[in-house]
Amino acid sequence: MSILFARRVAAALSLAVLLTPAAHAGDVTFQIKNSHPNAMRVELYSQDRDYVWPGDGKDFYLDDGETKQLPISCNDGEKICYGAWVDGDEETYWGVGPNNKETCEDCCYTCSGGQTEEIDLEE
């Protein structure tokens, strides 16, 4: 009977490990304000792995004058950069731009919980 008990304990522990959230997961909220006179689109790009938020070919939409909170789940310590561009005009961009193609000085944040300061994107 002790072998059966040991198997049940092992199965229960295995299930517990599978259902426990990853120890390295974190959350951060990007606060982005669109101070440009046109609507814009925003994506958040991991610099440490091939991942983009919101993903699945979608992006965040900010109307002119709108401020949005963009909460994401990321790996603790992961470097995340924003890319924004005028809706319909990918040549007018902020941060790393559309598809993470550009470089930037101050558009990246480390996933460590909490939220960013308000990121004001203006003309």
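Predicted model: local features only at pLDDT ≥ 70, side-chain atom pairs only at ≥ 80, totals over all residues.
Residues are numbered from 1 along each chain as its sequence is written. Local features need pLDDT of at least 70 and side-chain atom pairs pLDDT 80 or more, totals for chains, interfaces and linings use all residues, and side-chain values use heavy atoms, without hydrogens and water.

The chain holds one helix and nine strands, in the order α-β-β-β-β-β-β-β-β-β. Helices (H or I, at least four residues) and strands (E, at least two) are DSSP runs numbered from the N terminus. Of its 123 residues, 33% are buried; buried means under 20% relative accessible area, exposed over 50%, and partly exposed in between (1.4 Å probe, protein chains only).

Strand β1 (residues 25-34) has seven of its ten residues buried, so it is largely enclosed by the rest of the structure. Its pairings are listed below; two strands pair if DSSP finds at least two bridges between them.

| Partner of β1 | Bridges | Direction |
|---|---|---|
| β5 (residues 67-75) | nine bridges | antiparallel |
| β9 (residues 115-121) | five bridges | parallel |

Ile-32 has Lys-68 as its bridge partner in β5, and Asn-34 stands opposite Leu-121 in β9.

A surface patch of negative charge gathers Glu-118, Asp-120, Glu-122 and Glu-123. Patch residues have over 30% relative accessible area and no salt bridge, and like charges are joined within 9 Å; a salt bridge is a side-chain nitrogen of Lys or Arg within 4 Å of a carboxyl oxygen of Asp or Glu. Glu-122 lies in the segment after β9 and is partly exposed, with a relative accessible area of 48%.

Key:
Patch = residues over 30% accessible without salt bridge, like charges linked within 9 Å, V, L, I, M, F, W, Y side chains within 5 Å. Areas by Shrake-Rupley, 256 points an atom, 1.4 Å probe, with all protein chains shown as cover. Lys, Arg positive; Asp, Glu negative; His and termini not counted. Charge placed at Lys NZ, Arg CZ, Asp CG, Glu CD.
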